[in-house]
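Welcome! Take a look at the sequence and the 3D view below, and then let us walk through some of the details together.

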Amino acid sequence: MSLVVRKYVPQIIVSAIIVATVAFYYLYVSKEVADAFGRADKALSDWAVIITSFALIVGGIDILRFHVLRIKKEGLVQAPFSAVTIALLITMVVFGVVGWYYSYAAPELGITITTQPQFKWLYTNVYAPADAAMYSILVFYIASASYRAFRVRNPMALLLLVTAVIVMLGNTTVGGLIWPGFLSLRDWIMTVPNTAAFRPITIGAGLGTIVLGLRLLTWREISWMGRRE
Amino acid sequence: MKTPRSIVAAIALLVLILVISAIAWSLRIQLYTTRAPFSAFLILIVLLVAGYVFMEQAKLGKSFPVRRIPAFEAIEEAIARSVEMGRPVHMTFGFGTISSSMAPQYVAGLGVLAHVARLCGRYGAKLIATLGVPEAIATTEEIVREGYYSAGRPELFNPAYNVRYLTDQQFAYASAVQATIVRENVGANIVVGPFYAESLIFMEAGNMVGAFQIAGTARETQIPFFVLVADYSLIGEEIFAAGALASGDKETLVSIRGQDLGKLISIALVVLGIIMLLGGFKLVDSLNWVWKFG
Amino acid sequence: MIDWEVFGAWLCAALVVWIYSFAYRDNVLYKLAEHMFLGAAAGYSIALALDSLNRVLIRPAITTPQTFWATSWHYIIPAVLGLLMLAKYSRKYYWLARYAVAVNIAVGTGLALRTVPIANIVRQITATILPLWGSDPVKTLNNWIMVLVTLGGLTYFLFTIFPRRVEGVPPSPTYWVYRALYYIGVYGMMVGFGALFANTIMTRVGFLISIYLIYLQPQAWASIAAAVLAAIAIILGALRKK
Amino acid sequence: MSSQISLGKVLESRELLYTLLLLAVILPILHPIGIPIEISARTRDVYNYIEQNLKPGCHVFVEVYYEVAARGELEPNLIALTKHLFDKGCKIVYSSLSAFGVVAFSLFKANAADLFANKEYGRDYVYFGYIAGGEAASASLAKSIKGTISVDNYGNRLEDLPLMKEVDKATDFDLVIIVSSGTDVFAYYVRQWHTPYGAPLLFVALSVIAPSVEPFVGAKQAIGMLVGQRAGAEYEVLVGRLGLGIASMDAQSTSHMLILAFIAVGNVVYWTKRLSSKRGGSR
């Protein structure tokens, strides 16, 4: 019995949902069935949203636990930093809940979880700049990566380097000063060889997805369950 | 040799679908959606049935050679090397979520994690799995635990150290992962899953500490960064094949023959379509045909 | 009284500079910025989670209870499944967490299986069926490249079905076609990778320009001060290690 | 330790590269060099289309869908297009299907204050703000704007705005411009605005995602596409309002040249090492 609820029921859930979502998407019985399926589909995606939301809250508990453990174990080297994380996490949630309270207690103020003023301040002055900075730190990384990636070790690397140089020159105005043809050559590379190169990868990724779906359906892909019972 | 019933049933199902479709077509009954071309459904069904038949055949002991996937084989070397150097192994799966169409790639990443965890158990390596998808925390902990326990090294398992859920926000996750890679001074950096712009951040962080890097994703726009920067890379569908290889189970492995069949079908359709163009017949129209009459 | 606007602008500039400082070397100020970012992001995502729960579940249940219980009663199931995720802390009932994961993985895979056959396979095949002859030589050449590289790439990825060379026997023509396509595929893909990689540099530089204009330029002194502090932190960190 | 520091090592260090890169980006913004720019055929086609097809009094819908990090690439395009449209006497309706679009729009408006100076809100342009709902919202807007939302970004009722008396659905617009940093939103507009209503679409895309929306342009589902910062700079030259786009092109040029120089140095260092080790050198 225990194996049934531990192992088989989750797998049955997976197979049933996959079969239902795929079958009803492709098959057409009547307009009513299609409409009913549309509603069920919407409900199912709401289910996923609800589950993800709970998962995020459980994840928050996990983050708290992780940092409390670190404060206990690693002492002063780590403690101030973990304390900052915990403090900001709790502050954000508290302000969010305050906004939530106001959205019911005083709806005319127009304050919701995400528009609560202090919450918004933290978002715009801590989260947003850090997020944008992490995104743009890629400019440094792409520079040092290209420095290493375009070393001519073999003929293939030479081809890679030539392509990259043409594209880089075509993208900039300096390239046009050196030779006006770089721009159209760049456009050609991006539309013909580049498209052609990614097409087999796209097809392959699609096939891989289908086969993985098959493995999930036939209960052969069980890594997602964690331990093997 | 007697053909097992399951194979007969699968092929019968395929034939049944084809026969019903043909009848519906001749009677002009609206049987399939107008949202997608019929050929898409047909390809899906053929691949599912064929993959299933391959797997059932494998049960009978039928085997075949598989091309080497160097990146997959390199995982063991990477782990052995980091144990030698006394450095931990890091693995992460990217920012794509489980409840979107990125799920298959995520599952493939978890499959590779199962392999990595087993090897870490065998070699006694410390494994740090970082993740940005909250649904997968429990699963990841279980996989790592399984890896250490099955190798008889339960003392190495410490969920708070081995599995670190950082946050689900893309760049906060990325900032914490790059810090983890550098501060823990990881010896091997294995990243497989649905990656977005964070891919290069992880690669460069790994490079800063001179880690052995194995990377794979099926997200086209990030593949170049992995191929050009990592020591070994799994390109596109290779991550799904790696998941099958990682299972260590022959019958599961056979399923990748379904991928090959799909590629051969694609090649055949392209060649056929081009030849037919000579005769003035447009195969494209048939492939794009939507089940709709009048 | 602190002017929160000004303080916020300084904080923005400092956070950006400190996060950039990691590219040079890990240091205390990056660690601070990272932990602030982590806390804010975690708090933000929990708030977003509450927000979507509020939108999908709680508000309909409170404001229009009758319609909610009539049509959306089943939303209780994922809510229970979501709560069961806490079972992962239990030694005995850890497996209860699987149910929620099962639903989400199945929804995701179902979504993928719907779109993939069309977007990844049929559309790509139809786009590759191109005439390999014609009056326009440039177009014909482009079509040849398109078809050969696509077929070559597909050949490259074959895992189990491919012609093999047997010792002592002259290889068959199929083998040679396979090898030729294989190499066309590899080289074609490399060109694509190089092009996409180089093309990305432009966007990334564009990001840096945006960040500079929004956060750093208006707060030049705060940025410079933050940069000096980061430099000191890096040097001190390096000295302590020695 | 210091004896090991050689020229090759210094040139190879990432710190030097990063510092030079920062300078290469920031200095040209402070002091533009003014490298002449050549107009690509693609951008000129878009310019000509607007020049020929839009008459005074026509209506244009603009989707603002990008986060602030993408501002450097997309805002020059948006400003130059806005100038062109206002010069042609068009009325513009702005809208955002994403919450970050609201921030991007306010920054854009502040930066292009000269364009909006003698334009009246509600008569010449309107901004809806964030409309939640993704593709469904897009479909609903195409059917009826006033059926989807009732107030604009600033809390004005749509019925009170004169411009909203003239337009309500997809077919009322002579051009639909999508300025986006993501791929999905282009597909929304193709599926919900172009396919059912035949609305002429113009794409403004980041250069990284341009290849993935290329198929739509190739299939003539859009009248054209402006790709990234470069197109922004070209368009600025075409409409004669030089700004961030053209200044950034200098920064792009210097940073790209720097990276090219580093790639060259990297290869020299690599081959020197390789050749010397082949000759049986000490390393």
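## A residue with positive phi

Asn185(B) is partly exposed because 16 other C-beta atoms lie within 10 Å. Here is the scale behind that word: a residue is buried if 20 or more other C-beta atoms lie within 10 Å of its own, exposed if 12 or fewer, and partly exposed in between, with C-beta atoms placed from the backbone. Asn185(B) sits in the loop between helix H7 (170-183) and S4 of chain B. Its phi is near 50°, a positive value in a residue other than glycine.

Before going on, two notes on how to read the model. This is a predicted model, in which local features need pLDDT of at least 70 and side-chain atom pairs count only at pLDDT 80 or more, while totals for chains, interfaces and linings use all residues. Residues are numbered from 1 along each chain as its sequence is written, and chains are lettered from A and ligands numbered from 1 in the order in which they are written.

## Two strands of chain B

Helices (H or I, at least four residues) and strands (E, at least two) are DSSP runs, numbered from the N terminus. Strand S4 (residues 188-192) of chain B pairs with S5(B) in the parallel sense over 5 bridges; two strands pair if DSSP finds at least two bridges between them. In this pairing, Ala188(B) stands opposite Phe212(B).

How many residues of strand S5 (residues 212-217) of chain B are buried? The count is 6 of the 6, so S5(B) is largely enclosed by the rest of the structure. Phe212(B), Ile214(B) and Gly216(B) are buried on one side, and Gln213(B), Ala215(B) and Thr217(B) are buried on the other.

## Chain D at a glance

Chain D has 13 helices and 6 strands. Its C-alpha trace spans about 80 × 35 × 35 Å along the principal axes. Of its 283 residues, 45% count as buried.

Strand S1 (residues 59-65) of chain D has 6 of its 7 residues buried, so it is largely enclosed by the rest of the structure. S1(D) pairs with strand S2 (residues 91-96) of chain D in the parallel sense over 5 bridges. The bridge partner of Phe61(D) in S2(D) is Val93(D).

## A helix with two sides

Helix H3 (residues 41-53) of chain D has 13 residues, and at 1.5 Å a residue it should span 18 Å; its end C-alpha atoms are 18 Å apart, which agrees. The expected span is 1.5 Å times one less than the number of residues.

Which residues of H3(D) are buried? They are Thr43(D), Val46(D), Tyr47(D) and Ile50(D). These cover an arc of only 95° around the axis, which puts them on the same side of H3(D); the arc is that of the directions from the helix axis to the C-beta atoms. On the other side, Ala41(D), Asp45(D), Asn48(D) and Gln52(D) are exposed. The buried residues of H3(D) pack against helix H4 (71-87), strand S5 (201-205), strand S6 (224-227) and helix H12 (228-239) of chain D.

## Where chains meet

Two residues are in contact if their C-beta atoms, placed from the backbone, lie within 7 Å. Between chains A and C, the contact takes 94 residues from chain A and 95 residues from chain C. On the side of chain A that touches chain C, the largest share, 18 residues, comes from H2(A). By class, that side of chain A has 69 nonpolar, 22 polar and 3 charged residues. Here Ala, Val, Leu, Ile, Met, Phe, Trp, Tyr, Cys and Pro count as nonpolar, Asp, Glu, Lys and Arg as charged, and the others, Gly among them, as polar. Trp121(A), in helix H4 of chain A, touches Trp4(C) and Gly8(C), not counting residues up to four places away in sequence.

Chain C also meets chain B: 46 residues of chain C are in contact with 59 residues of chain B. On the side of chain C that touches chain B, H5(C) gives the largest share, 19 residues.
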